[in-house]
Amino acid sequence: MSHTVNRQWVLAARPEGPVKRSDFLLIETPLRLLAEGEFRIQILFLSVAAVMRNYMLNTEKFERPLALGDLMHGRGVGRIVESRNTQWRVGEIVHGKMGWQDYAIADGSAYYLMFKVKQRVVPISTALGVLGLTGFTAYLGLVDIGGVKAGDRVLVSGAGGGVGSNVGQISRNLGAEAIGIAGSEEKCTLLINRLGYSGAINYRTESISSRIAALCPEGIDVFFDNVGGETLDAGLEHLRRHGRVVLCGAISQYINGVEQPYALRNAFSIFKKMARMEAFFIYEMSAHFERAEAQMSDWIATGQLVYQEDILEGLELMPEALIRLFAGQNIGKQLVRIIPNS
Ligand SMILES: NC(=O)c1ccc[n+]([C@@H]2O[C@H](COP(=O)([O-])OP(=O)(O)OC[C@H]3O[C@@H](n4cnc5c(N)ncnc54)[C@H](OP(=O)(O)O)[C@@H]3O)[C@@H](O)[C@H]2O)c1
């Protein structure tokens, strides 16, 4: 081990409104010795996800609570550089919970939700995107929760983001047709030209409801919703008989939805259309990751699935990366490269 110092982003303040740089503090700590069973990972890439704002407020019960001054939670991919655990060997590449820092310590227990990265031709970063929990969320959400089938009309919100950039392509590969909702012309063009969508709606300049009616006159079979609030409401209005609504996320509600929850006007449509609305959390679906990874890998190999990554350079930019998600600046999966040329 040549390095003795670890840079770490810790929580400096609970966010009020959108996250800002002053909510975080970059500190340096000495690397500690490993205990028996532990291994040390040098982090190559870190993932950024909207749920991290909830971690900062301790409103997600599936993650350990954060006190002010604690290391920010987050998933990463990295190389094992030191090990006192025979199951996890020096040189192996792994992805799992690592935190916003240069070096992480794990012990292989279930908490870390850690997996070895198989030898592959795609970049290591994909272990946090298309071939990691982001891609599995898209695949398992659409297939297992949404029950998508050939001929279905699929509507996807947050379509140009990490999860959404996969859902249109998966739909197409399974014989369904997807319409994506996103927040810029640039993203809408990309949805159609690269990301497998047959139509796009810019929610900042168009009425979502009128555009759904124009693009899917017979309604939608599966609504994969990442946004919640008014967007969810607009989709509910256009459900077909026996439609399925996949509640993947609700980013429009993360900031003030807890205090001022959006009241759905079209909830009755679920009853009228004998539809089903179901939320899921990807951490609870780990038994199915291997199946999702195998299918996504096959599609990448045959050119039927492209991955869209948005990479910032350097650990210093972790706060900026998270801020970008809430500002809609990211296109595809938002990542931060920690080691140059990884
Ligand atoms: N259920 C699960 O287990 C699970 C797992 C992973 C992620 N998720 C959820 O999936 C969703 C996408 O996550 P991700 O990490 O892939 O993020 P992402 O889609 O890459 O980034 C978030 C995107 O949401 C859009 N957005 C931000 N604020 C918005 C608002 N107020 N109204 C409408 N759109 C807004 C922005 O795109 P625009 O340009 O389109 O505005 C932004 O790029 C999130 O809701 C997340 O919580 C759920």
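**Figure 1. Confidence along the predicted protein chain.** This is a predicted model, and its mean pLDDT is 96. Of its residues, 99% reach 70 or more. Among the helices and strands, helix α1 (residues 51–57) has the lowest confidence, at a mean of 96. Strand β8 (residues 153–157) has the highest, at 99. Where pLDDT is low, predicted coordinates should not be read in detail.

**Figure 2. The whole protein chain.** Nine helices and 15 strands make up the secondary structure of the chain. Its radius of gyration is 20 Å. The globule rule gives 20 Å for 342 residues, so the chain is as compact as a globular protein of that length. Along the principal axes, the C-alpha trace spans about 60 × 45 × 35 Å. Buried residues account for 44% of the 342 residues. Now take the contacts between residues at least 6 apart in sequence: 64% of them join residues at least 24 apart.

Figure 3. The chain is divided into domain 1 (5–128 + 307–337) and domain 2 (133–283). Domain 1 is written as two stretches of sequence, 5–128 and 307–337. The centres of the two domains, taken over C-alpha atoms, are 28 Å apart. Domain 1 gives 17 residues to the contact, and domain 2 gives 17 residues. On the domain 1 side, α1 and β15 (333–337) are the elements that give two or more residues. That side of domain 1 divides into six nonpolar, eight polar and three charged residues.

**Figure 4. The shell around the ligand.** There are 30 residues around the ligand. Which of them come nearest? They are G161, G162, G183, G249 and G328. Helices α2 (133–145) and α9 (318–327) each supply at least two residues of the shell. By type, the shell holds 14 nonpolar residues, 15 polar residues and one charged residue. Where does the ligand lie relative to domain 1 and domain 2? Both domains give residues to the shell, so the ligand lies between them.

**Figure 5. Helix α6 and its cover.** Helix α6 covers residues 229–236. Its buried residues are T231, L232, A234, G235 and L236. An α-helix has 3.6 residues a turn, so residues three or four places apart point the same way. What covers the buried residues of α6? The cover includes the helices α5 (208–215) and α7. It also includes the strands β8, β9 (177–182), β11 (220–225) and β12 (239–247).

**Figure 6. Two residues with positive phi.** Most residues other than glycine have a negative phi. L113 is not a glycine, yet its phi is positive, at about 40°. L113 sits in the loop between β6 (103–106) and β7 (115–116). With 16 C-beta neighbours inside 10 Å, L113 counts as partly exposed. M274 is not a glycine either, and its phi is positive too, at about 50°. M274 is in the loop between α7 (268–272) and β13 (276–279). Is M274 buried or exposed? It has 11 other C-beta atoms within 10 Å, so M274 is exposed.

**Figure 7. E60 and its contacts.** E60 is in the loop between α1 and β4 (75–83). It has 16 other C-beta atoms within 10 Å, so E60 is partly exposed. Which residues does E60 contact, leaving aside neighbours within four places in sequence? They are V51, N54 and Y55. Helix α1 spans residues 51–57.

**Figure 8. Sequence distance and distance in space.** R120 is in the loop between β7 and α2. With 15 C-beta neighbours inside 10 Å, R120 counts as partly exposed. R120 and S297 are 177 residues apart in sequence. In space they are 9.0 Å apart, C-alpha to C-alpha. F271 makes a second case. F271 is in helix α7. It has 8 other C-beta atoms within 10 Å, so F271 is exposed. F271 and G37 are 234 residues apart along the chain. Their C-alpha atoms are separated by 52 Å.

Notes
Residues numbered from 1 in each chain as written. Predicted model: local features only at pLDDT ≥ 70, side-chain atom pairs only at ≥ 80, totals over all residues. Helix = DSSP H or I, 4+ residues; strand = E, 2+ residues; numbered from the N terminus. Rg over C-alpha atoms; globule rule 2.2 N^0.38 Å. Buried ≥ 20, exposed ≤ 12 C-beta atoms within 10 Å, placed from the backbone. Contact = placed C-beta atoms within 7 Å. Near = placed C-beta within 6 Å. Nonpolar A, V, L, I, M, F, W, Y, C, P; charged D, E, K, R; others polar. Domains from an automatic or database assignment. pLDDT = per-residue confidence, 0-100.
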